Amino acid sequence: MTYHQPVPLLWWTRRRSYVVFVLRELSSVAVAWFVVHFLLLVTAVHRGPGAYQEFLDWSARPLILVVNLVALAFVVLHAVTWFNLAPKALVVRVQGQQVPPRMIAAGHFGAWFVVSAIVAWVLVVML
Amino acid sequence: MAGARKPAEPAGRVSTAKPSRVEAAAWLMFSAGGMVTALLVPVLMLLFGVLFPLGVLTPPDHAGFAALLSHQLVRILLLGLCVLALLHWAHRFRYTLFDGLQLDRTRTAINVLCYAAVLAGSVWAAVVLFA
């Protein structure tokens, strides 16, 4: 038998860092919602121009819009915390010198910007 | 990624069990999914969830978008994104339940439910993308 010290359900409200931790963990729900919303979008596109327009109109309804705005905030929180942690997971040495953690994080943020710009360019300018 | 799985301090207990192979695989998928979602999901959510529906930016026209989505490579990449995003969700969400809601005793049931959802979502994604 192992003894588990009882922990109050709201232990994470005691400190700001705990709250950020829980919010970061909850960002996974927004990621799952993104998959659902995105697959509904693809389904609508396959059904034709009318269904595609209907999907966009549905997404513009206040309730869905609020859900998407909250989800957007959470996925941005996920991205920022993820790239900030990257230097802890990735230690790079160049000619025996350790690349400063800040550079590793900056590289990830740079990649984020480039990928986002390419996706936006394809969807907004090309199509 | 060092996605500090469990807050050792607030959880108030010390785990001595050594991580299994399955847990290692789950963590690896969580990590891969975390990276691709961090890179791709914010911009897609911003465009398709907010800016296109509101008409701030003109949404892609149907013909071009449908053609892009029927490209074989795009389908494979989007399926990869969906599956990895779901695997990322599953791992993080079950630990949110274990630690956040103190549901440590129902670990097995939560694991089964989460990964069953991943399987169902992946099949759905494959059906939709390759329709």
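**Inside the fold**

Guide: Start with L41(A), which touches Y52(A), F55(A), F48(B) and F65(B), leaving out residues up to four places away in sequence. Contact means heavy atoms within 4.5 Å. This is a predicted model: local features need pLDDT of at least 70, side-chain atom pairs count only at pLDDT 80 or more, and totals for chains, interfaces and linings use all residues. Residues are numbered from 1 along each chain as its sequence is written, chains are lettered from A and ligands numbered from 1 in the order written, and side-chain values use heavy atoms, without hydrogens and water.

Visitor: Which residues have the most contacts inside the largest nonpolar core?
Guide: F34(A), L41(A), L123(A), L44(B) and F65(B), in a core of 47 residues. A nonpolar core is a set of buried Ala, Val, Leu, Ile, Met, Phe, Trp, Tyr and Cys residues joined through side-chain atoms within 4.5 Å. Buried means under 20% relative accessible area, exposed over 50%, partly exposed in between (1.4 Å probe, protein chains only).

Visitor: What does a second, separate core include?
Guide: That core has seven residues, among them A79(A), W82(A), W112(A) and A38(B).

Visitor: New topic. Is T37(B) buried or exposed?
Guide: T37(B) is buried, because its relative accessibility is 1%.

Visitor: What does its side chain make a polar contact with?
Guide: The side chain of H78(A), at 3.1 Å. A polar contact is a pair of N or O atoms within 3.5 Å; within protein, one must be able to donate a hydrogen and the other to accept it, and residues adjacent in sequence count only if both atoms are side-chain atoms.
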